[in-house]
Amino acid sequence: MGDEVAAALADGRPVVALESTIISHGLPQPDNLRVAREIEATVRAAGAVPATIGMLAGRITVGLDDAALERLANADGVVKLSVRDLAPAAAAGVDGATTVAATSAIAVRAGIGVFATGGLGGVHRAARDSWDESADLTALSRTPICVVCAGVKSILDVPATLERLETLGVTVLGYRTTRFPGFYLTDSGYGLDWQVDSPEQIAAVLAARAGHGVQEGGVLVANPLPADQQIDPELHDRVLRDALAGMAADGVTGHDVTPYLLSYMHEHTGGESLAVNVRIILRNADLAARIAVARTDAH
């Protein structure tokens, strides 16, 4: 536990968990380190303490300091860690970056109830054949945490992902919307049952959930980009269509699908997908911090 995070938790101050895969795998150098620092600064500006989570030399760390952020941003061979990978990675003594699933599980174990990320993992296209579904979904079904995200990337099967979230009992709230966002896009084309309009309303949902003691899973807050900040939908749809065709032609499957598609989107949108990605995570960090503050104030 980092000193700042440990002190904040001991004092009952608001803390926001942050993942580290966006540093090591989600953004290119040198943007990754700069953005990691901006995310933490955004959380602080909204009144909460950032707790970026990762693994250093086999040791899970909640609240990476700046030297550790730099290490994960610049080192070669940083391992991407889901929940199932934590124990073998610890035994091997590696440096690792935690996914949404692993970050959520570690955050709850540390006593942190709010987590900001960019986009959630989900059900992949052609999952009927590949059974390719992110561990994020099942982790959220059994992890009592509030996750702020911008929906799921449109490279995934959005309706199937929403169906799985419903089956798994994960509460999904639209922040000032009843439309599920599509990460790069404000609206994925699919609706939501529940809308909340303030951090205080979200804190009330979390309090009711805790008070009931019935639901074991998480609460997903879908925070869409404003329409004037999204990728141009026509550009997005054209590039995604070409990317899917290229992936099929190249025979890309399994774990290589998402990196291929994200790289293609970045290259063929003139870097616009990267700029949108950064806007998303900073907006989510701000909202997550305000939720954490509202939860603390309510107590």
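Biologist: What is the volume of the largest cavity?

Modeller: This is a predicted model, in which local features need pLDDT of at least 70 and side-chain atom pairs count only at pLDDT 80 or more, while totals for chains, interfaces and linings use all residues. A cavity is a set of points, on a 1 Å grid over the protein atoms alone, where a 1.4 Å probe fits but cannot get out, and a volume is the space filled by probe spheres set on points joined across faces, edges and corners. The structure holds one cavity of 30 Å³ or more. The volume of the largest cavity is about 70 Å³.

Biologist: Which element gives the most to the lining of the largest cavity?

Modeller: The lining, meaning residues with an atom within 4 Å of a point, consists of Leu-18, Glu-19, Ile-22, Ile-23, Ala-36, Ile-39, Glu-40, Thr-52, Leu-69, Ala-116 and Ile-281. Two or more of these residues come from each of H2 and helix H3 (31-45), where helices (H or I, at least four residues) and strands (E, at least two) are DSSP runs numbered from the N terminus. With three residues, the element that gives the most is H3.

Biologist: How many residues in the lining of the largest cavity are nonpolar?

Modeller: Ala, Val, Leu, Ile, Met, Phe, Trp, Tyr, Cys and Pro count as nonpolar, Asp, Glu, Lys and Arg as charged, and the others, Gly among them, as polar. The lining of the largest cavity has one polar and two charged residues, and its nonpolar residues number eight.

Biologist: Which of the residues that UniProt annotates as "active site" lies in the lining of the largest cavity?

Modeller: In an unreviewed entry, UniProt gives this annotation to Glu-19 and Lys-153. Of these residues, the one in the lining of the largest cavity is Glu-19.

Biologist: Is Glu-19 buried or exposed?

Modeller: Glu-19 stands in the loop between strand S1 (15-18) and H2. Beyond four places in sequence, its contacts (heavy atoms within 4.5 Å) include Thr-52, Phe-115 and Ala-116. Its relative accessible area is 10%; because buried means under 20%, exposed over 50% and partly exposed in between (1.4 Å probe, protein chains only), Glu-19 counts as buried.

Biologist: What is the relative accessibility of Lys-153?

Modeller: Lys-153 belongs to the loop between strand S7 (146-149) and helix H9 (158-167). Apart from neighbours within four places in sequence, Lys-153 touches Leu-120, Val-158, Phe-183, Tyr-184 and Leu-262. Lys-153 counts as buried, at a relative accessibility of 16%.

Biologist: Which helix supplies the largest share of the lining of the largest pocket?

Modeller: A pocket is an open set of points with protein on both sides within 12 Å along at least five of seven lines, and the largest one holds about 1300 Å³ of space. Its lining has 43 residues, with Lys-80, Thr-99, Thr-258, Pro-259 and Leu-262 nearest the centre. Helices H2 (21-26), H8 (135-141), H12 (257-268) and H13 (272-298) each supply at least two lining residues. The largest share, six residues, comes from H12.

How values were computed
Residues are numbered from 1 along each chain as its sequence is written. Side-chain values use heavy atoms; hydrogens and water are left out. UniProt positions are given in the numbering used here, feature names are shortened, and annotations may be inferred rather than shown by experiment.
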